[in-house]
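Please work through the following exercises with the sequence and the model side by side, and try each task before reading its solution.

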Amino acid sequence: TIHDENPGLGVSHYIMWRDSMGKEMRKLERHFVEIKKEALKAVCSLNLVAISSEMKHFLETNEILHSFPVSLIHNGIDGDMFYPSEKEVARKKLSLGGDKIIFLFVAYFINEDRKGLSDLLSVLEKLHIENLTLVCIGNFSKKPDTSIDIRCVGLIRDVRILSEYYSAVDYFCMPSYQEAFAQTPMEAMACGTPVVAYPCSGARALINENNGVLCSDFTVDALYRGIKEAMSKQYDREWIRKDLLERFSYDVIAKEYIDLYRKSLL
């Protein structure tokens, strides 16, 4: 199962990282590509699983891996680990204002460029929403400089506390420029929270008109329109969770893997 682009690249994990390399690193990148191509000549049977349609296209057209069969099986979600709490109760427990409109942003490093926090801040500043709070979960080197109310709570590994944050907020935002198949939107939806996201890998499979908004492109203007659209709609949080689990629960995804194993062993 391929979780990022590294198997089809040299030392990079994403094409955008490779494309930003200097001359010497590009030489090293190319050297490792050739090592991988040579090593795979000895492989007689290899079935690849792509976790998104974008990743599937990458593997099928990649110079290292294009000769191997590729199946599309999305990531799954454990609905028993990520479970909704009553919003008001969760807000009180987390010391979040009961009358606030709260957005949530989650990344391992919130300052990482490809995660798009700067785009989200730009949009939220422009919207001038009364009683707005942005909660950011993840490591950070420096608290972002912004005019809006922002709470940076650091990295949270406790799934129970994460679920409370997902349940407490009104919208989850993922303005990422590149993902393999982001787990955080699924975690938010498992807690009944609508998602606004850039059309990065996996987001197209996750988002529909009843659980959030998929932005038209990777621009601040598209994100602005996406958040405005989400705020104009009413979402059924119970339906969001139910729909997600019907499509992405571990039971569903496990069956797809079992079918692939049986087919591969024929």
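**Exercise 1: A lysine in a loop**

In this predicted model, the side chain of Lys115 makes a polar contact with the side chain of Glu179, at 2.6 Å. Find where Lys115 sits, decide whether Lys115 is buried or exposed, and list what Lys115 touches.

Solution. Begin with the chain: Lys115 belongs to the loop between β3 (101-109) and α5 (117-127). Next, take the relative accessibility, which is 12% for Lys115, and compare it with the limit for buried residues, under 20%, so that Lys115 counts as buried. Finally, leaving out residues up to four places away in sequence, Lys115 touches Phe105, Ala107, Phe109, Pro175, Ser176 and Glu179.

**Exercise 2: A threonine in a strand**

Determine with which side chain the side chain of Thr133 makes a polar contact, and describe the surroundings of Thr133.

Solution. The place to look is strand β4, residues 132-139, where Thr133 is found. With a relative accessibility of 1%, Thr133 counts as buried. Its side chain makes a polar contact with the side chain of Asp149, at 2.7 Å. Residues up to four places away in sequence aside, Thr133 touches Lys100, Ile101, Ile102, Phe103, Asp149 and Arg151.

**Exercise 3: The nonpolar cores**

How many residues does the largest nonpolar core have, and which have the most contacts inside it?

Solution. The largest nonpolar core has 77 residues, and those with the most contacts inside this core are Leu59, Phe103, Leu120, Leu124, Leu134, Tyr166 and Ile227. Now take Leu134 from that list and follow its contacts: not counting residues up to four places away in sequence, Leu134 touches Phe103, Leu104, Phe105, Leu117, Leu120, Leu121, Leu124, Ile148, Asp149, Ile150 and Arg151. As background, nonpolar side chains in soluble globular proteins tend to be buried together.

**Exercise 4: Positive phi angles**

What are the phi values of Ser95 and of Asn131, and where in the chain does each residue lie?

Solution. Recall first that most residues other than glycine have a negative phi. Phi of Ser95 is near 60°, which is a positive value in a residue other than glycine, and Ser95 lies in the loop between α4 (87-93) and β3. Asn131, which is not a glycine either, has a positive phi of about 60°, and Asn131 is in the loop between α5 and β4. As for accessibility, Ser95 counts as exposed at 57%, whereas Asn131 counts as partly exposed at 39%.

**Exercise 5: An asparagine before the helix α1**

Which backbone oxygen lies 2.8 Å from a polar atom of the side chain of Asn6?

Solution. Asn6 is found in the segment before α1 (15-19), and at 18% relative accessibility Asn6 counts as buried. The backbone oxygen in question is that of Ser12.

Key. Residues are numbered from 1 along each chain as its sequence is written. This is a predicted model: local features need pLDDT of at least 70, side-chain atom pairs count only at pLDDT 80 or more; totals for chains, interfaces and linings use all residues. Side-chain values use heavy atoms; hydrogens and water are left out. A nonpolar core is a set of buried Ala, Val, Leu, Ile, Met, Phe, Trp, Tyr and Cys residues joined through side-chain atoms within 4.5 Å. Buried means under 20% relative accessible area, exposed over 50%, partly exposed in between (1.4 Å probe, protein chains only). Contact means heavy atoms within 4.5 Å. Helices (H or I, at least four residues) and strands (E, at least two) are DSSP runs, numbered from the N terminus. A polar contact is a pair of N or O atoms within 3.5 Å; within protein, one must be able to donate a hydrogen and the other to accept it, and residues adjacent in sequence count only if both atoms are side-chain atoms.
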